[in-house]
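Please read it with the sequence and structure open.

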Amino acid sequence: MKKILCTILITINAAYAFSSVIPKISFDNEYKDLYVEIVGKLQDRHYKSTAIDDIFSKKYLKKYLQNIDPNKIFFLKKDIDEFLKWQFLLDDLMASGDITPGYEIYNRFLKRVINQLNYNVELLESDFLFDLEGQSFFIIDADKRDWPENSNAARRYWRDVITDELIRLLLNDKDPDEARELLVKRYKNQIKQYLQTNSQDVFQRYVNSFAELYDPHTVYYSPRNSENFQINMSLSLEGIGAELRTEDDYTKVIRVIPGGPADLQGILKPEDRIIGVGQQMDPIVDVIGWRIDNVVSLIRGPKDSLVRLQVIPARTDRAGASKIIEIIRDKVKLEEKSAQKQIIDLDRNGNIFRLGVIEIPTFYMDFEAFKNREPNYKSTTRDVRNLLKELNKENVDGIVLDLRNNGGGSLKEAINLTDLFIDPGPIVQIRNAKRMTFQPDRAIRRSEYSGPLIVITNRLSASASEITAGALQDYGRALIVGSQTFGKGTVQEFIPLTTGQLKFTNAKFYRISGDSTQHRGVLPDIEFPSSLDPEQVGESHRETALPWDRVSPVRHRILGDLRQYVIQLKMWHDHRVSSEPDFSYLKNQLSLSREWRNQDEDMLSLSLSARRERINRLENAQLLLENNRRSKLELLPYATIDAWSEAENTKNAETHLVEKGDNLSIIATKYNVSIKQIIVANSMKADDKLSIGDTLKLGKQKGKFEPDPILKEAGQILIDQIRLQSARKKSHKLSSTFTR
């Protein structure tokens, strides 16, 4: 075996001499001036005061190396040792605009990458036999190992990398030959991608490595990437409805846009990693290592067309397999992102409580229409005001404000919306880079609604939604239930540069209590289990996130002392959900996810059978949780994982048909049913095409709105609050009568 391996390595090494021609990337002198311009802008205008010194220089070098070789798989130890000559010089070179180190380091990186990937291709195309049942372990945590000592050590490590990737493909039902061919294509594609790198790309990487040291939201966009940024934003409105970014050679989902196709379909989640994209029923193209703009161009497409995404779910075991998600592309229409209302009727000891639910997916405003003084311009506040009037006419007993998954939007709208629920007073504070604190605006009108109110948040409630939730909590106007919010409490500004543009943080938000929403977010008064792990999602997860702090509070009138009820409300809540199947399921699911992620998190076995057994144990544990939930709901348990998976796929298909209503012929083809069957199943008219809005209306006509478990429990807490407040009013009135 050793002799065979030696022969293979000699053959591969001989092939190196004829591998791809590796270009040397150089920079134009104009980049030196641009570099000085960016450094100056950040020093003068960024919120964080940062000393450009030797300490900063050392961090800068480390961040740059992390950004271009995050997994420590291309550079050699001797490269890193050589680069240390710059660790205390980068700060000095910044003043003169000398970007030579960035290009020298990247050119070395490019050489290592191309040589290594060519070696991988040659190895996979040879007769080399990978041991898929070995006893060794693959160290996946880069922080637990150093860069390879030499080329031989790098190749040994890469043979483990390839073994791991082969195992992952086999776990996804690829046959061995197909898996090898796919990896060959992947590495050849990556070589092609890397060879397309130009001077602009290197400059952006080098600049952003120091920009990121200020905070994670500070970014330089080159002209091409400014355009790609706009493409990504348009992707939010047309395509699948998701914001994406590149992280460690993967395309990661940052946010699923409310009202978009991915949101309505309900499977794609934030932090999921997209590793493959397919059009209609064509083969899926592997996109690991691709540029973000090339991945985006594959995902985007015409309305009503099918895109298939191969995804590694965020909440999966690190040794686990990927899954295929199918999404029908569409446009996110303004009315589907608008605030929506529903009414839920909850029975409490024979008494029916009617509760209004207002869901706000984002804080939107048609600034152009507002600027043109159009009377019916679209905005969150105007829509919610109208919904409140409608709910008032329907005599609701209280209102649930649902801010789950609301990623923010217009600050003005967050302030104006809060104004609907409080009397005149301050709402938010802003502290700028000069450490001057001010209030951008205030509530100026009497409240539109002063009745019982509760707010639901989750880990994806961010920015403007945190301002509204925090203000309502500080005023004692509403209790917050759900989970800790995202913690995005910073303000960004875009400014044009000589070439490209710069986005940087210039201020922080503070609540009227003086607490920042940055890093910590808004903490709920009553916490619910979350499907998202706060240790994996949120601002506090970002390495260079600005810290939480406080400023002086501003005077404001407390509108209600709701916190006096929290202990009692929480006690009733805990008792109620202790036997509630869906709540128990969410809590146990999160615990299971953490437990399995933490097991052997630094290393993975390079044994296919061991990995398969591990996945089977995880899936069986998940099936047990699901069947426990079904048992409590008096539903039949699933006999196998496959039966559960098939039922989930059917449910997703049914949800898609009922809630989305795309081109019926495409849906019929996709699910192998007739258009007539779809129409009958959904009680729809025989139209060739139904809009999302029309279908939702039809869906509402079909039956009563059914709240999800989180919303239903929020409603139950609101009922408890209403009863406690009512009892206190009666007690206070009785006490006053006796006093007189």
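Over the ring of which residue does the charged end of Lys 85 sit? That residue is Trp 86, and the charged end of Lys 85 lies 4.5 Å from the centre of its ring. The model is a predicted one, and the points below are grouped by topic.

**Charges over rings**
- Lys 85 places its charged end over the ring of Trp 86.
- Arg 630 has its charged end over the ring of Tyr 638, at 4.2 Å from the ring centre.

**Aromatic pairs**
- The count of aromatic pairs comes to 24.
- Among them is the pair of Tyr 35 and Phe 210, which is edge-to-face, with 5.8 Å from centre to centre and 85° between the planes.
- This pair links distant parts of the chain, as Tyr 35 belongs to helix α2 (residues 29-45) and Phe 210 to helix α9 (residues 199-211), 175 residues apart.
- Tyr 35 counts as buried because its relative accessibility is 0%, and Phe 210 counts as buried because its relative accessibility is also 0%.
- The ring centres of Tyr 106 and Phe 109 are 5.3 Å apart and the planes are at 55°, so this pair is tilted.
- Tyr 106 and Phe 109 are three residues apart in helix α6 (residues 100-125), so about one helical turn separates them.
- Both Tyr 106 and Phe 109 are buried.

**Aromatic cluster**
- One aromatic cluster is formed by Tyr 31, Tyr 35, Phe 56, Tyr 60, Tyr 64, Phe 203, Tyr 206, Phe 210, Tyr 214 and Tyr 220.
- The edge-to-face partners Tyr 35 and Phe 210 are members of this cluster.

**Packing of α6 and α8**
- The axes of α6 and helix α8 (residues 176-195) come within 9 Å and cross at roughly 160°.
- An angle over 145° counts as roughly antiparallel, so α6 is roughly antiparallel to α8.
- The crossing of the two helices, α6 and α8, is left-handed.
- On the α6 side, the residues that meet α8 include Tyr 106, Phe 109, Leu 110, Val 113, Leu 117 and Asn 120.
- On the α8 side, the residues that meet α6 include Arg 180, Leu 183, Val 184, Tyr 187, Ile 191 and Tyr 194.
- The tilted partners Tyr 106 and Phe 109 are thus also part of the α6 side of this contact.

**Asn 120**
- Asn 120 lies in helix α6 and counts as buried because its relative accessibility is 0%.
- Leaving aside residues up to four places away in sequence, Asn 120 touches Trp 158, Ile 162 and Tyr 187.
- Of these, Tyr 187 is one of the α8 residues that meet α6.

Key: Residues numbered from 1 in each chain as written. Predicted model: local features only at pLDDT ≥ 70, side-chain atom pairs only at ≥ 80, totals over all residues. Heavy atoms only, no water. Phe/Tyr/Trp six-rings, centres within 6.5 Å; stacked < 30°, edge-to-face > 60°. Helix = DSSP H or I, 4+ residues; strand = E, 2+ residues; numbered from the N terminus. Buried < 20%, exposed > 50% of the residue type's maximum accessible area, 1.4 Å probe, protein only. Lys NZ or Arg CZ within 6 Å of the ring centre and 35° of its normal. Axes fitted to C-alpha atoms, helices over the stretch in contact; angles between N-to-C directions. Parallel < 35°, antiparallel > 145°, perpendicular 65-115°, else oblique. Left-handed = near helix turned anticlockwise from the far one by under 90°. Contact = heavy atoms within 4.5 Å.
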